[in-house]
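Me: I am new to this structure and would like to go through a few parts of it. Could we begin with the helices?

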Amino acid sequence: MQRVIIIGGGLVGATTAIALAQQGVPVTIIDNQAPSPNQNLDGRTTAVSYGSKLIFDNLGLWPLLAAHASPILQIRVFEEGSPWQVAYDSQTIGNHPMGFIIANPHLRQALWDRAQEFTNLTWIAPAQVVATHYHPACVELHLNTGETISGQLLVAAEGRHSPTTKATGIPQTSWSYEQAAFVCTVHHAVPHDGVAWEIFSTRGAYALLPLTPCSETGTSRSGVVFTLPLKQANDLMAKDSAEISHFLSEHFRFYVPLQLVGESWCYPLSAMKLERIIDQRLAIVGDAAHVVHPIAGQGVNLGWRDAAALAFEVGEAFRNGLDIGSQTVLTRYQKQRQPDHRQMLQMTDGIVRLYGKQSTLFYFLRNAGLGIVEQLPPLKRLLMKHAMGIS
């Protein structure tokens, strides 16, 4: 009975399961999709902060990811059309990268492979929960497979449209940015040298993220995250490969020519916050608990910190023979995580709104701010540590 049931086997749900299993806690994942070694369902790349890399080190995941991880040695930030630039260099913090860029399919594969190494971790997929019953001492789930599973703690990790979270009735606030992220991979002849670019404009932000070289040709590759108003993003999706390559080359001139490789994806952008991230025998993690704009590349890193915090609190209770789903354990988890959620949402939302202002005054203030950051090394180091997840 002293078991955790996690609904959702994505990047955060699977990490939570591995973190718990490593501490000896019996865990069951229920996911509506069976893991596929060669899935192309997720075209995104993820910026894995240095803090998240430390979490993966502790979970034995990094050896499975290292070959697919492209280090971020510098981050260069500027506004389109402006001479001002902030250049963050990993050497000012230590002898390690600020983070790494990894394609999501590699992350999913590593999580699946690591999960198979635990005898106390069960992965049921494809399966869906058809009924959930909360009792004073346990949670009981009925699956469409005919199985009934019970445990002391349920974890909602289904993402931003989590049915489990919605069923609780926990008040939430959400809004759309009326933007979409156009996501793809490009090849280019000029080496990226571990540099990530973030370019702001009044219509959206454009990021070019360093990937490992193409395994077949050795060609330099980068991941593109291009945020645009919804109609413009849809119009871009409708273009052919040559037109998209030309469009991207116009905006990322430092690596021209860029060549689109493979598929492109488009993801609508929104934000969401919950009044609380716990309920009776329920903890909420990842995008089921919070959704932020990808402008700073922090969304899934925020979720991985949820996973680490929840696993720590549950693991402590488990080792001491306490009820792992008690309100005491859940309250400690919530108290630890909510300040980080609030701060990240305020920061990302503030940046989006600041750069959405089309006026000469705001253009001046934005660029003056970049100039001040560039000229103040202590402030720059503080911002770097925050982005790296080690502040």
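Me: Which way does α8 cross α9, right-handed or left-handed?
Reply: In this predicted model, the crossing of α8 past α9 is right-handed.

Me: At what angle do helix α8 and helix α9 pack, and how far apart are their axes?
Reply: Helix α8 covers residues 299-319 and helix α9 covers residues 327-355. The angle between them is about 165°, and their axes are 9 Å apart. The pair is therefore roughly antiparallel, since angles over 145 degrees count as such.

Me: Which residues make that contact?
Reply: On the α8 side, they are Leu302, Arg305, Asp306, Ala309, Leu310, Glu313, Val314 and Ala317. On the α9 side, they are Val329, Arg332, Tyr333, Gln336, Arg337, Asp340, His341 and Met344.

Me: And how many of those are nonpolar, polar and charged?
Reply: The contact of α8 with α9 has eight nonpolar, two polar and six charged residues.

Me: What about α1 against α8, at what angle do they pack?
Reply: Helix α1, residues 11-22, packs with α8 at an angle of about 25°, and the axes are 9 Å apart. This makes α1 roughly parallel to α8. Their crossing is right-handed.

Me: Which residues meet there?
Reply: From α1 come Leu11, Val12, Thr15, Thr16, Ala19 and Leu20. They meet Val300, Gly303, Trp304, Ala307, Leu310, Ala311 and Val314 of α8. By class, the contact of α1 with α8 has ten nonpolar, three polar and no charged residues.

Me: Changing topic, where is Thr227?
Reply: Thr227 belongs to strand β16, which spans residues 220-229.

Me: Is Thr227 buried or exposed?
Reply: Thr227 is buried, because its relative accessible area is 3% and the limit for buried is under 20%.

Me: What does the side chain of Thr227 reach?
Reply: The side chain of Thr227 reaches the backbone nitrogen of Ala205, at 2.6 Å. Beyond its neighbours within four places in sequence, Thr227 is in contact with Gln179, Ala180, Ala181, Arg203, Gly204, Ala205, Tyr206, Leu269 and His293.

Me: Then Ser264, which strand is that in?
Reply: Ser264 is in strand β17, residues 258-274.

Me: Why does Ser264 count as buried?
Reply: Its relative accessibility is 18%, and buried means under 20%.

Me: What does Ser264 touch?
Reply: Leaving out residues up to four places away in sequence, Ser264 touches Phe182, Val183, Cys184, Met237 and Ile244.

Definitions and conventions
Residues numbered from 1 in each chain as written. Predicted model: local features only at pLDDT ≥ 70, side-chain atom pairs only at ≥ 80, totals over all residues. Heavy atoms only, no water. Helix = DSSP H or I, 4+ residues; strand = E, 2+ residues; numbered from the N terminus. Buried < 20%, exposed > 50% of the residue type's maximum accessible area, 1.4 Å probe, protein only. Polar contact = N/O pair within 3.5 Å; in protein donor to acceptor, adjacent residues only side chain to side chain. Contact = heavy atoms within 4.5 Å. Axes fitted to C-alpha atoms, helices over the stretch in contact; angles between N-to-C directions. Parallel < 35°, antiparallel > 145°, perpendicular 65-115°, else oblique. Left-handed = near helix turned anticlockwise from the far one by under 90°. Nonpolar A, V, L, I, M, F, W, Y, C, P; charged D, E, K, R; others polar.
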